[in-house]
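I set down here what I looked up in this structure, one topic to an entry.

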Amino acid sequence: MFEASIGFAAVLVLVLLRIPIAFAMGLVGMVGYMMETSYRGAISMVARLIIDASQDYGLSVVPLFILMGLFVNKGGISRELYQVSYAFLGHLRGGLAMATIVACGGFAAVCGSSLATAATMSKVAMPQMRKYGYADSLSTASIAAGGTLGILIPPSVILVIYGLLTETSIGKLFIAGIVPGMLGILFYLCAVFFTVSRNPEAGPAGQRTTWRDRLTALKGVWAVLALFFLVIGGLYGALDFWPIHLAFSPTEAAGMGAAGAFLIALSRRNLSWSGTLEVLKETAITAASLFSVLIGAWIFSNFVNIAGLPEALLGAVTAYSVSPWVVMLLILLIYIGLGCIFESLSMLLLTVPIFFPLVRDLGFDPVWFGVVVVVVTEISLITPPVGMNVFVLKGVVGDVPTATIFKGVTPFWVADIFRLALIVGIPALALYLPSQMG
Amino acid sequence: MSNLANFARRVAQLPIFLASAALFVLMIMTFADVILRSAFNAPIEAATELTRMLMAITVFAVLPVLSVREGHIVVDLLDPLFHGSLLNRIRDAVISIACGAMLILPAGRVLVLAERARSYGDLTEYLNIPQFYIGWFIAIMTYMTALVLLLRGVIALFAPKLLENYDV
C-alpha cells in the first residue's frame with residue numbers, strides 16, 4: 001500500500017513536470033516492479049508488454065475507430081447534420097442551440113472524440129448562431145457541452161481505453177453508452193430551454209422549415225445514419241437479414257465503420273489522394289500515442305497490483321465497514337475534483353489502475369462503472385478552470401472571453417450533475433441494453 | 001546543417017508512409033473479411049494474425065516520428081510556471097534525454113525475446129511467417145525512438161535553432 005502510494009505520487013510529480021504520461025507511468029511502474037521483484041523481472045515484464053500490446057488483436061479497434069471518425073469528418077457531414085437538426089428545431093426559441101446539441105449528438109455517433117466533435121461543430125454552428133443574434137454565452141456553451149457527448153455516444157475512444165485497461169467488453173461498453181448519451185442530449189436540451197426561458201434575448205427563434213424541406217435535409221445524412229446503425233447494430237448482433245447475419249467483434253465493427261466512412265467520403269467526392277494519406281497519417285500518429293500511454297498505464301498497473309494496493313484498499317474499506325456506496329460517492333467526488341485540473345485521458349489513465357480493482361471487488365458492475373467514469377469525464381471537459389472543450393471553443397471562436405463561455409456552460413454543467421446522479425442511482429439505464437446482447 | 005534537417009524530414013516520411021499503408025490494408029482487410037464471412041461464409045483465415053502484424057507495423061513505424069514531434073500526450077498544467085525560453089529548453093532537453101535513455105533497456109530485452117522466438121522457430125499460425133520478424137521490427141523501432149529522443153534532447157541543448165519550425 002505504502003509503495004503504491006509513493007508510486008502514485010511520483011507519477012503525479014513527473015507528469016506535472018511535463019514528462020509524457022506514457023513515460024512517467026512506465027518509468028515509475030518499471031522501477032516499482034523492480035523493487036517488488038527483481039531487475040530482470042521488471043525489464044522482462046516491460047519488454048513482454050511492449051511486444052504483446054502492439055500485437056494484441058483487441059487493440060486494433062483503436063486505430064480503426066479513429067480512422068472512421070476522421071473519414072466521416074472529411075466527408076463533410078457536420079454541415080448536413082446541422083442543417084437537418086435546424087430544419088426540425090430551428091423555429092423554436094433557442095432552437096439553433098438545440099439544433100447544435102442534436103447535431104453534436106449525431107456527430108458523436110460516428111466520432112469517438114469530444115474535442116473533435118466540439119471543434120468540428122463550432123465551425124458550422126457558431127456562424128449560424130451569430131447570424132441570428134444568439135448570445136455568445138449560449139452559443140459557445142451549447143457547442144462545448146454538446147461536444148462532450150462525443151466520448152459517451154458510441155463509438156468512443158475513452159470507452160475503448162477504459163475497456164482495454166480493465167479487460168471489460170468494449171462491445172458492451174459501447175451499447176451501455178447509448179441510453180446515457182441520449183439522456184445527455186435530452187438534459188442539454190432542457191438546459192437550453194432553461195437558459196432561453198430566463199433570458200429570451202439569448203436565443204431568438206429562427207424560421208420555420210416546411211416538411212418538404214425537412215425531408216430534403218434528411219437526404220444529406222441518411223448515409224451516415226445508416227453507417228451508425230450498421231456499426232452499432234452489428235456490434236449488438238441485431239442485424240439479421242436472412243441469409244446474412246451480421247455480428248461484429250469491436251474490431252470488425254470499427255473496420256466496417258472506417259471502410260464505410262471511407263466509401264461515403266469517396267462517393268461525395270470529398271476525398272483526394274492526399275486527403276486520404278493525411279487521414280491515415282494522422283490516425284497512425286494518434287494511435288501510436290494512445291498505444292504508448294496504454295503500455296505505460298499497464299506497466300504501472302502491474303506494479304500497483306503486485307504491490308498489493310487493491311487488497312490493501314479493499315481491506316481498509318472492510319475494516320472500517322464503510323458502505324460500498326459511500327466509497328463510490330468518494331470516488332466520484334475525487335473524479336470531479338481531479339476533473340477540474342486534469343484533461344480527460346490523463347485523468348482516466350491515472351485513476352483507473354487505482355480505483356478499478358477496488359470498485360470491481362466491492363461488487364459494482366465494470367460496464368456500469370465505465371459509463372459512470374465517462375460521464376464524470378464529460379463533466380470535467382466543461383468544468384473550470386481547465387475545461388478542454390471550452391478551450392477548444394476559445395481556440396476556434398477566439399473573440400469570446402473564456403469566462404463568458406464558462407458562465408454559459410453553468411446550466412449544462414448542472415444538467416450533467418443531474419444525469420450523473422440518475423445513472424449512478426439507476427444502473428439499469430446503462431446496463432439494460434448490454435444485458436440483452438446476444 | 002539545414003540540409004541535414006531537410007534530409008531528416010525526408011527520411012521521416014518513409015515510416016509514416018509505411019504506417020499509412022499498413023493501416024489502409026488493415027481497414028480493407030477487416031472490411032473484406034466481414035463481407036466474405038457474412039455473405040459467402042468464407043472468412044479470411046489469416047485475418048487475425050495479419051491484423052496483429054499490421055498493428056505492430058502501424059504503431060512502431062510512427063513511434064520515432066511521434067517522439068521527435070513531441071506528439072506524446074502530456075499534462076501541460078504547469079506550463080505558465082516555466083517562464084523563459086532557456087528554462088523551457090533545458091527542461092525539454094532533460095525530459096527528452098531521460099525518456100530516450102529509459103527505452104534502451106526494454107528495447108534490448110525485446111531483441112532478446114525476438115532472438116528466443118527465432119531459436120525456437122516460432123511461426124504464425126496460418127501463414128507460417130517467422131514471429132521474430134515482428135519482434136526485430138519492434139526492437140529496432142524502439143531503439144530508433146530512443147536514439148531520436150536522445151538526439152532531440154542533445155540538439156535542444158546545444159543547437160536549438162535546428163528544432164525551430166520542425167514539423168514532419
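**Entry 1: conventions**

I worked on a predicted model, in which local features need pLDDT of at least 70 and side-chain atom pairs count only at pLDDT 80 or more, while totals for chains, interfaces and linings use all residues. Residues are numbered from 1 along each chain as its sequence is written, chains are lettered from A and ligands numbered from 1 in the order in which they are written, and side-chain values use heavy atoms, with hydrogens and water left out.

**Entry 2: chain B**

I listed the secondary structure of chain B and found four helices and zero strands. Helices (H or I, at least four residues) and strands (E, at least two) are DSSP runs, numbered from the N terminus. The order of elements in chain B, from the N terminus on, is α-α-α-α. I then looked up burial: 42% of the 168 residues of chain B count as buried. Buried stands for under 20% relative accessible area, exposed for over 50%, and partly exposed for what lies in between (1.4 Å probe, protein chains only).

**Entry 3: aromatic pairs**

A pair of aromatic rings is described by the distance of the centres and the angle of the planes. Rings of Phe, Tyr and Trp (its six-membered ring) pair if their centres lie within 6.5 Å; planes under 30 degrees apart count as stacked, over 60 as edge-to-face and the rest as tilted.

I noted Tyr162(A) with Phe356(A), an edge-to-face pair at 6.0 Å centre to centre and 85° between the planes. Tyr162(A) belongs to helix 9 (residues 157–166) of chain A and Phe356(A) to helix 17 (residues 344–361) of chain A, so this pair ties together parts that are 194 residues apart in sequence. I found both Tyr162(A) and Phe356(A) to be buried.

Phe132(B) is buried, at a relative accessible area of 12%. I also recorded one aromatic cluster formed by Phe71(A), Phe262(A) and Phe24(B).

**Entry 4: charges over rings**

I looked for charges over rings, that is, NZ of Lys or CZ of Arg within 6 Å of the ring centre and within 35 degrees of the ring normal. The charged end of Arg214(A) is placed over the ring of Trp211(A), 4.7 Å from its centre. Likewise, the charged end of Arg419(A) sits over the ring of Tyr188(A), at 5.8 Å from its centre.

**Entry 5: cavities**

Rolling a probe the size of a water molecule over the atoms shows where empty space is left. On a 1 Å grid over the protein atoms alone, a cavity is a set of points where a 1.4 Å probe fits but cannot get out, and lining residues have an atom within 4 Å of a point. Grid points are joined across faces, edges and corners, and a volume is the space filled by probe spheres set on the points. I counted two cavities of 30 Å³ or more by this rule.

The largest cavity has a volume of about 310 Å³. Of its 22 lining residues, Phe23(A), Ile50(A), Ser292(A), Ile295(A) and Leu103(B) are the closest to its centre. Two or more lining residues come from each of helix 2 (21–36), helix 3 (39–54) and helix 14 (273–306) of chain A, and from each of helix 2 (47–68), helix 3 (85–120) and helix 4 (132–158) of chain B. Helix 14 of chain A gives the largest share, six residues. I classed this lining as 16 nonpolar, six polar and no charged residues. Ala, Val, Leu, Ile, Met, Phe, Trp, Tyr, Cys and Pro count as nonpolar, Asp, Glu, Lys and Arg as charged, and the others, Gly among them, as polar.

The second largest cavity holds about 30 Å³ of space. I found it lined by Tyr57(A), Thr251(A), Met29(B), Thr30(B), Asp33(B), Ala47(B) and Thr51(B). Helix 1 of chain B supplies the largest share of this lining, three residues.

**Entry 6: local backbone features**

I found the peptide bond from Pro154(A) to Pro155(A) to be cis, with omega near -5°. Pro155(A) is in the loop between helix 8 (136–148) and helix 9 of chain A. Ser321(A), although not a glycine, has a positive phi of about 40°. I computed Ser321(A) as exposed, with a relative accessible area of 63%.

Technical notes: On a 1 Å grid over the protein atoms alone, a cavity is a set of points where a 1.4 Å probe fits but cannot get out, and a pocket is an open set with protein on both sides within 12 Å along at least five of seven lines; lining residues have an atom within 4 Å of a point.
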